[in-house]
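Thanks for making time. I will go through a few helix contacts in the structure now on the screen.

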Amino acid sequence: MVKETEQTIIHVIGVPDQFNQYVDGAIADEALLEALQTLKTKKFIKGHVGAVSHVPVTLNDEHHTVVTVGLGNHNQRQQRDYLKIWGTLFQYLQRERFTHIKLYAKTFLAKTIDAAAIFQMMGLQLEQATYEFDNYRSDKKAPFELEIEWTSQEDSDAYEHAVAAGQKLGRAINYARTLGNMPPNILTPNYLATLVQQHFEETLVEVDVKDDKALQQEGFGLIHAVGKGSVNPPRLITLKYDGDPDNTENMIALVGKGITYDSGGYSIKSKTGMPTMKFDMCGAANVIGMVDAIANLHLKVNVVAVIAAAENMIANNAMKPDDVFTALSGETVEVPNTDAEGRLVLADASYYANQFAPNLIIDFATLTGAAIVALGEDKAAIFNKNVDHKLLQSLLDTAQQVDEAVYELPITDTERRNIKTSDVADLTNHVNAHGKALFAAAFVTHFSGETPHLHVDIAGPATTTKSSYKGPKGPTGYMIPTIVNWMMTQYHQ
C-alpha cells in the first residue's frame, strides 16, 4: 500500500456495475481503465451504490492511490442515489483525513440524469454529510477541508457552478442544524433573534424583531400566552427577502415554530418526554435555513419568513389549562392543554404572515406525536388548505427527488368543526379525540383565512437518532432541500 502524505493526491473515481455503462470519455487513460477493470474482477473495488474502496494502482511505473465509490446499475440509478454516493465518499475522505483529491468527474455522469443535478448534490453532500457539532466540547476537531482538482479545465468550467450552488444549500442546512443543536439555556428566544440578526447582517435579507412588550401591545395574545411563564420572554422574528422586486405580488410566506424549550407547561411532560425538547424549535431553524439558501442562491422570488420563538415553562404567571386568550385575529381561544402550545404560536404567526398578502403560506413545525404514529419517524406529514393540486404535487415530486419522505394527510370538516367546540371561547386548542395531527392542522390553517396554506408537521424527521450518509444523528434540516429545490425550479433566475 502506498503511504499517503499530506501532499498525496487521491484519485477519486466513480465505478458503475459495468464499465461499459460509462459515458464516452469518462476515463481517457486506457491503462487506468484496464487497471480498474482488473481490480473489479478481483473484487478489490465494488460497484454497488455507495461502496467505497481504497486501492493502490501502478501506472507507467508510478504509484497512485485511488479511492472508488460504487454508482450501481446505470439503468436503475436515480438522482437521489447520488446523495448516498457523494455522502459515503466524503465521509470516508473525512475519516481518513484526505485533504486533496483529483476528481474524475465524467465517471460520475449518467445518461439519463442532468449533470448539474449530480454535481449540485456533490456540493450539498460535501457540506451536509461531513457536518460536525462540537461547539461545547473541549476536544474539538480541525474542520474538514477538501481541495478538489478536476481532471480537466472543461470539467471545472462545466460543474463548479453546480457544486457551489449545492454547497450554499448544504451550509444553510448545517446552520439550521447548529441552531437546533444549541442547548436551551443558551438558545433563548432573545438569543435566537440576536443570532439571526447577526447572521443576515450585510445580506439581501432584512430582519425585524418584536420583543415581548411589542407583542403584547400589538395583540399577539397567543404567542404572549405561551411565553409569559418564562424568564426568557418570547420574540417574533420576521425575515424579508425581495428577490423579485418588480413583481411584489410574487410572495411566499414561510412560518416556523420556534419553541426553544418545551416543558409542556402545566400539562407537563414526563421525565422521559422532556429531554430533547430543545429540538422543538427545529421548524423555525429550518425556515431560517431556507431563507439563507434562497438569498444566497439569488432566487427570483419574494419571501417573508415569520418565526414565533418562545419557551413553554411553568411559573405563577404561566398559562393554565382552562385559560382563555385573544389571538391576533381577534378570536378567543380556550387552552385545555398547555402542551399544545405550538399551534398557538403558529396561529398568531400565520395570521401575521398573511398580512403580507402572500400567494402561499407554508408552515413548518415539530407539532404532533400523532403525525409520527400515522407515518413513522422518518416521514413528514403535509396538509393542504386551498392549494392547487398541481402545485402540491410538484412539491411532493421534488421531495422524492431529494430523498425526503413527505406524505399528504387530510383536513376534514370534522376537524374544522372540532376546533370550534369550546363552551366558553371561539376556538379550542385541544379536544380528546383521535386524529390529533389533523386537528392541529385545522387549527393552524384556520388563521390564514382563504390564502392557500400548506402545513408541514416534521415531528418525526426533524431529528434522527442514527447517523447516515446525510450526516450525524441530531437535527436534519428536514424540508430545506425540498423547499429550496422546488423554488429553484419554480423561480430560477
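Is the crossing of H11 and H14 right-handed or left-handed? The crossing of H11 and H14 is right-handed, a crossing being right-handed if the near helix is turned clockwise from the far one by less than a right angle, and left-handed if anticlockwise. Helices are DSSP runs of H or I with at least four residues, strands are runs of E with at least two, and both are numbered from the N terminus.

Before going on: this is a predicted model, with local features needing pLDDT of at least 70, side-chain atom pairs counting only at pLDDT 80 or more, and totals for chains, interfaces and linings using all residues. Residues are numbered from 1 along each chain as its sequence is written, and side-chain values use heavy atoms, leaving out hydrogens and water.

H11 covers residues 389–401 and H14 covers 480–490; their axes come within 9 Å and cross at roughly 120°. Axes are lines fitted to C-alpha atoms, for helices over the stretch in contact, with angles from 0 to 180 degrees between N-to-C directions.

Now H5, residues 189–199. Its buried residues (under 20% relative accessible area, 1.4 Å probe, protein chains only) are Pro189, Leu192, Ala193, Leu195 and Val196. They span an arc of only 165° around the axis, so they lie on the same side of H5; the arc is taken from the directions from the helix axis to the C-beta atoms. Among the elements covering them are H4 and H8, with contact meaning heavy atoms within 4.5 Å.

The axes of H4 and H8 come within 8 Å and cross at roughly 155°. H4 and H8 are therefore roughly antiparallel, the word for angles over 145 degrees.

Definitions and conventions. Buried means under 20% relative accessible area, exposed over 50%, partly exposed in between (1.4 Å probe, protein chains only). Angles under 35 degrees count as roughly parallel, over 145 as roughly antiparallel, 65 to 115 as roughly perpendicular and the rest as oblique.
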